[in-house]
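Q: Please take a close look at one part of this model: a pair of packed helices and what surrounds them. Keep it brisk.

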Amino acid sequence: MKPQFPTEQSDSGEFQRQEDAFREWISNDGSTSYPAAANRYHLYVSLACPWASRTVIFRKLKGLEDAIGMTVVDPIRDEKGWAFRDPDKKWDDTEVIPPSTDPVNGFHYLSEAYAATDPNFDGRVTVPVLWDKEAKVIVNNCEDDICPMFNNAFNVFAKNQEVDFFPKGIADEHAKLANFIYDNVNNGVYKAGFATRQRPYEFSCRTLFEALDELEARLSKSRYLFDKRIVEADWRLFCTLIRFDIVYHGHFKCNIRRIIDYPNLQGYLMDLYQQPGIAETVNFDHIKRHYYMTHTEINPTRIVPIGPAFDLTKPHGREKIS
């Protein structure tokens with residue numbers, strides 16, 4: 001199979017994700033060049049992308065909508081990358097550029113933000129992007145930085161200041177579990193899905209399900225990953241679980257089991273989905289159209305499946321777990 005991202009593929013067929021290019025930090029104590037301020041920063045996201053979706057969730061749950069604007073890109077990414085166009089309209093003639101849906105810069109493609117920040121950037125353009133409207137540059141394109149900044153630096157502007165997804169009392173254990181989830185689950189589905197040879201695919205897929213088995217056991221004794229408190233690691237895991245049965249199971253060949261086959265993981269997924277405000281951050285249409293129509297090396301027909309049928313609003317019973 002031709003690699004989806006040739007520069008991120010090893011000779012032995014393994015997917016090796018590129019590093020995030022922009023890692024500047026926003027602070028509220030004057031320690032960095034980017035001070036926390038309301039209406040200065042803008043978030044560019046795709047609702048299809050699990051990395052970007054975590055920042056959307058943090059923005060929602062912290063109550064930062066009035067302080068940080070947000071623009072959603074079209075879920076269909078072509079050879080020109082993420083585009084600012086109405087995702088509900090179909091553009092058959094790619095030479096005709098529709099009006100931009102970017103209210104900040106009028107960009108047609110997110111690559112323009114990367115070029116404005118670093119004219120020599122030659123990597124893959126990714127979401128999320130946190131843009132500084134004053135300096136007119138990308139401050140950060142790493143969700144692992146953006147989420148803590150929303151949690152801490154921007155807390156003074158948050159409507160829900162009491163919400164803390166990085167409790168200090170469990171910081172070390174939390175970081176260890178978050179890294180485990182990233183390596184084996186969040187990025188694990190991609191390492192299986194983008195493998196171009198059988199052996200790395202099988203290794204990545206088996207490693208992924210060993211991690212899911214371990215998390216299933218953990219959640220048999222605890223409502224959330226850390227008892228009854230929802231922390232960042234929960235939303236990190238949620239963003240992969242919510243996409244698993246509709247995309248990763250079939251499209252990425254992660255098909256040893258579905259999440260619905262795991263009683264605790266499925267109940268946990270439903271529990272998190274039913275938290276106030278979360279369902280409106282999830283767009284299954286964007287998710288399915290992005291993966292099935294963008295990865296033509298995996299799905300050359302670009303046919304988007306109509307299933308599976310599921311209901312995440314049913315009672316989950318997770319509140320009974322001590």
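A: Asp227 sits in the loop between helix H6 (198-218) and H7. The model is predicted. In it, the phi of Asp227 is near 60°, a positive value in a residue that is not glycine. Most residues other than glycine have a negative phi. Asp227 has a relative accessibility of 54%, so this residue counts as exposed; the cut-off for exposed is over 50%.

Next comes the pair. Helix H7 covers residues 232-248, and helix H8 covers residues 263-273. They pack at an angle of about 105°, and their axes are 10 Å apart. H7 is therefore roughly perpendicular to H8, since angles of 65 to 115 degrees fall in that class. On the H7 side, the contact is made by Asp234, Trp235, Leu237, Phe238, Leu241 and Ile242. On the H8 side, Leu265, Tyr268, Leu269, Leu272 and Tyr273 take part. By class, the residues of this contact are 10 nonpolar, no polar and one charged.

Leaving aside residues up to four places away in sequence, Phe238 touches Ile57, Leu269, Leu272, Tyr273, Ile278 and Val282. Among these, Leu269, Leu272 and Tyr273 also belong to the H8 side of the helix contact.

Now the core. The largest nonpolar core has 91 residues. H7 gives the largest share of this core, 11 residues. Leu110, Leu212, Leu225, Trp235 and Phe238 have the most contacts inside the core. Trp235 and Phe238 also make the contact with H8 from the H7 side. In soluble globular proteins, nonpolar side chains tend to be buried together.

The loop between H7 and H8 holds Lys253. Phi of Lys253 is near 60°, again a positive value in a residue other than glycine. Lys253 is partly exposed, with a relative accessible area of 42%.

The bond from Val127 to Pro128 is cis, with omega near 5°. Pro128 has its place in the loop between helix H2 (111-117) and strand S5 (129-132). Gly307 and Pro308 are also joined by a cis peptide bond, with omega about 0°. Pro308 is in the segment after helix H9 (284-294). Most peptide bonds are trans.

Technical notes
Residues are numbered from 1 along each chain as its sequence is written. This is a predicted model: local features need pLDDT of at least 70, side-chain atom pairs count only at pLDDT 80 or more; totals for chains, interfaces and linings use all residues. Side-chain values use heavy atoms; hydrogens and water are left out. Axes are lines fitted to C-alpha atoms, for helices over the stretch in contact, and angles run from 0 to 180 degrees between N-to-C directions. Helices (H or I, at least four residues) and strands (E, at least two) are DSSP runs, numbered from the N terminus. Angles under 35 degrees count as roughly parallel, over 145 as roughly antiparallel, 65 to 115 as roughly perpendicular and the rest as oblique. Contact means heavy atoms within 4.5 Å. Ala, Val, Leu, Ile, Met, Phe, Trp, Tyr, Cys and Pro count as nonpolar, Asp, Glu, Lys and Arg as charged, and the others, Gly among them, as polar. Buried means under 20% relative accessible area, exposed over 50%, partly exposed in between (1.4 Å probe, protein chains only). A nonpolar core is a set of buried Ala, Val, Leu, Ile, Met, Phe, Trp, Tyr and Cys residues joined through side-chain atoms within 4.5 Å.
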